[in-house]
Amino acid sequence: MTEKAKFDLVVYGATSFVGAITAEYILSKYGIGGDVSWAIAARSPAKLAALKEKLGEGAADLPTLIANSDEEASLADVCAQTRLVISTVGPYALYGEKLVKVCATSGTHYCDLTGEVQWISAMLDKYGETARESGALIVNCCGFDSIPSDLGTHFLQNYATETTGGPCETVEFGVEAAKGEFSGGTVASLLNVLKEAGADPSLRKKLADPYLMCPDDYHNTAKQRTEARYYSDALKSWCAPFVMAGINTRIVQRTNALQGNRYGENFRYSEYTMTGDGFRGRLGSIAMTLGMGGFMGVLALPPTRWLAEKFLPKPGEGPSKEVQEAGFFKIKLAGTTSSGEVVRVRVTGDRDPGYGSTAKMLAEAGLCILDTAETGKNAGGFWTPASLMGDALVERLEANAGLTFETL
Ligand SMILES: NC(=O)c1ccc[n+]([C@@H]2O[C@H](COP(=O)([O-])OP(=O)(O)OC[C@H]3O[C@@H](n4cnc5c(N)ncnc54)[C@H](OP(=O)(O)O)[C@@H]3O)[C@@H](O)[C@H]2O)c1
């Protein structure tokens, strides 16, 4: 990164489904020629021109950059012009490595939407030291995966410390309600993880490790809860599995590790979909557990996966604007202290979780990383949203991105 970069940020992969929504958000919120100087980048000049057209007259002066994720020189050229890159080019395990390498080497800050834990873990091993040396702040998982989980836990632990004198030893995250759909890019990323795991038993073992993303010298032996389905007294609900738990739980554990066990040495964290109380809640949890098991089973086996792929959204496709605007999410986090006291908080979003809300979270996370970098307080390296930005990101998301964090 040059001393005085031309841009504050570049949205790389702006022609992707979620990249276009992110560009639209930044344009409507921060404009062009104002406090934030930014550009859009992608591999296809024609698609970038079409995106500018779609963004309307207000985007006429929006600068565009061309870079292919296979060509390191083109990525280095982007990084030389900006302080931060927001990447929405995925599956990241297929297209993301060279950009992380160039950012880590050049000291360019970076954030993304990956939920591919096996890829993040490999990038940490390969480029963690390089980023530390260059000062690049790298933050993965800045969308619905894993901001509500990571910042929700951060917020809950602050509240617990204020009201009970210390953090909660156990935190349970429950999706109370959510409305939205998947995009083709998310489906492609999920299928790629399943393909890689299907072909590599050692990867399956890694994916099962709740401390996969914690530093090598970190030791936490607390046994994490693994039941697919159970009744949670703290959430006051029957619970079924939550599809993103495998990602989010690893990020929250990394936050605890990076902050010197701020949540405690025996911290336990788990995520569920809440199905309600009583008999109906119990039936709902059985039905949802079976449904989810069946769905993952279909996607795990090559012949049925091949068939399912025909009916799932393709790369570039995703929920309509109406679906995004009608969407929302409502999440409860319940924490229990070692002496049995329970504290609860809620995190909500005003758009569909995966796209409308995710695009706003991603853009605000990028801007918050830039603010954080200005303070010079944090060393370069791979951070999590909560460990790097904490309260500052909570405030930004509440002020700008339609999220709320409330104590219950
Ligand atoms: N964490 C979350 O909450 C969350 C939410 C939403 C999405 N995501 C993730 O975000 C990613 C994007 O999702 P999406 O639905 O927006 O995907 P998408 O529409 O399929 O877009 C994929 C993007 O990758 C670009 N690309 C592919 N190969 C490339 C190359 N060689 N060089 C440069 N660009 C290349 C494509 O460029 P073209 O436009 O030229 O084809 C396209 O812009 C996925 O990994 C998804 O899992 C995460």
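Student: A salt bridge is a side-chain nitrogen of Lys or Arg within 4 Å of a carboxyl oxygen of Asp or Glu. Which residue does lysine 321 form a salt bridge with?

Tutor: Glutamate 24. The closest N and O atoms of the pair are 2.9 Å apart.

Student: What sort of model is this?

Tutor: A predicted one: local features need pLDDT of at least 70, side-chain atom pairs count only at pLDDT 80 or more, and totals for chains, interfaces and linings use all residues. Residues are numbered from 1 along each chain as its sequence is written, and side-chain values use heavy atoms, with hydrogens and water left out.

Student: OK. How many salt bridges does a search of the whole structure find?

Tutor: The search finds 12. Lysine 321 sits in helix 13 (residues 321-326) and glutamate 24 in helix 1, so this pair ties together parts 297 residues apart in sequence. Helices (H or I, at least four residues) and strands (E, at least two) are DSSP runs, numbered from the N terminus.

Student: How is the chain divided into domains?

Tutor: Domain 1 covers 7-143 + 356-403, and domain 2 covers 147-352. The bounds come from an automatic or database domain assignment. Taken over C-alpha atoms, the two centres are 24 Å apart. Domain 1 puts 36 residues into the contact and domain 2 puts in 38 (heavy atoms within 4.5 Å).

Student: How much area do they bury between them?

Tutor: About 2900 Å², with 65% of it on carbon and sulfur atoms. That is the accessible area (1.4 Å probe) that two parts lose on being put together, summed over both.

Student: Which three residues of domain 1 supply more of that area than any other three?

Tutor: Phe17, Val117 and Gln118. They supply 21% of what domain 1 buries against domain 2.

Student: And how many salt bridges between the domains?

Tutor: The count is 2. There are also 13 residue pairs in polar contact, both residues at pLDDT 80 or more. Helices 1 (17-30), 6 (117-134) and 14 (353-375) are among the elements that each supply at least two residues of the domain 1 side. Helix 14 gives the most, with 6 residues.

Student: How do the residues on that side divide by type?

Tutor: 21 nonpolar, 11 polar and 4 charged. Gly counts as polar in that scheme.

Student: New topic. Which peptide bonds are cis?

Tutor: One joins glycine 90 and proline 91, with omega about 0°. Proline 91 is in the loop between strand 4 (82-87) and helix 4. Another runs from aspartate 145 to serine 146, with omega near 10°. Serine 146 is in the loop between strand 6 (137-139) and helix 7 (147-164).

Student: What about the phi of cysteine 141?

Tutor: Positive, about 60°, although cysteine 141 is not a glycine. Cysteine 141 also lies in the loop between strand 6 and helix 7.

Student: Last one. What does UniProt place at residues 10-138?

Tutor: The unreviewed entry places "domain: Saccharopine dehydrogenase NADP binding" there. UniProt annotations may be inferred rather than shown by experiment. Over that range the chain is 50% helix and 18% strand, and the end C-alpha atoms are 14 Å apart.

How values were computed
A polar contact is a pair of N or O atoms within 3.5 Å; within protein, one must be able to donate a hydrogen and the other to accept it, and residues adjacent in sequence count only if both atoms are side-chain atoms.
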